[in-house]
Amino acid sequence: VQLVESGGGLVQAGGSLRLSCVASGVILGINAMGWYRQAPGKQRELVATITSGGSTNYSEAMKGRITISRDHAKTTVTLQMNSLKSEDTAVYYCYIDAIVGLRGSTEEYWGQGTQVTVSS
């Protein structure tokens, strides 16, 4: 399973960015997809996740400013981020909790990350 992220970049405070992640490979099913981020010197933290049933979970730090959505047919997850702040600067990682293999085991996969830089 591979995850390819796109949409990161440099934006001024108050601006918006849209991150996308496409999953490919032999995927029997998806339990959840989402985004995490890691700022320099900090631990990786949750940004948002969405389950196969459409339930969402957002970080308190970004709640109200972000929306996560998923295209089931294309195994794509998108994160719309608005009103960005300088403290949102981080590497954003796509995440998938997928059902794979002959035994239908559940595995986690991560993208390589995309840099989001918010200038103040």
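I began with Thr49, which lies in strand E5, residues 45-51. The model I am reading is predicted.

Buried or exposed? I checked Thr49 on this point. Its relative accessibility is 14%, so I put Thr49 down as buried; the cut-off for buried is under 20%.

Next I listed what Thr49 touches, leaving out residues up to four places away in sequence. Met33, Gly34 and Tyr36 are among the contacts. Ser55, Thr56, Asn57 and Ile68 are also on the list.

**Rings**

I then turned to aromatic pairs. How many does a search of the whole structure find? The search gives 3.

I looked at Tyr36 and Tyr95. Their ring centres are 5.6 Å apart and their planes stand at 65°, so I logged the pair as edge-to-face. The angle cut-off for that class is over 60 degrees. Tyr36 belongs to strand E4 (residues 29-38) and Tyr95 to strand E9 (residues 90-100), so this pair ties together parts 59 residues apart in sequence.

I checked the burial of Tyr95 as well. At 9% relative accessibility, Tyr95 counts as buried.

Tyr95 has another ring partner, Trp110. Strand E9 holds Tyr95, and strand E10 (residues 105-110) holds Trp110; the two residues are 15 apart, and the pair links distant parts of the chain.

Trp110 has 35% relative accessibility, so I marked Trp110 as partly exposed. Together, ring pairs join Tyr36, Tyr95 and Trp110 into a cluster.

**A charge over rings**

Where does the charged end of Arg44 sit? I found it over the ring of Tyr93, 3.7 Å from the ring centre. I also found the charged end of Arg44 over the ring of Trp110, 4.8 Å from that centre.

**A sheet**

Last, I traced an open sheet of 4 strands. The order reads E1-E3-E8-E7, and the pairing is antiparallel. Which strands are at the edges? Strand E1 (2-6) and strand E7 (66-71) are, each pairing on one side only. On average, neighbouring strands in this sheet are turned by 15° against each other, direction ignored.

E7 pairs with strand E8 (residues 76-81) in the antiparallel sense, over 6 bridges. For Ile66, I noted Met81 as the bridge partner in E8.

Terms used. Residues numbered from 1 in each chain as written. Predicted model: local features only at pLDDT ≥ 70, side-chain atom pairs only at ≥ 80, totals over all residues. Heavy atoms only, no water. Buried < 20%, exposed > 50% of the residue type's maximum accessible area, 1.4 Å probe, protein only. Contact = heavy atoms within 4.5 Å. Phe/Tyr/Trp six-rings, centres within 6.5 Å; stacked < 30°, edge-to-face > 60°. Lys NZ or Arg CZ within 6 Å of the ring centre and 35° of its normal. Pairing = 2+ DSSP bridges. Axes fitted to C-alpha atoms, helices over the stretch in contact; angles between N-to-C directions.
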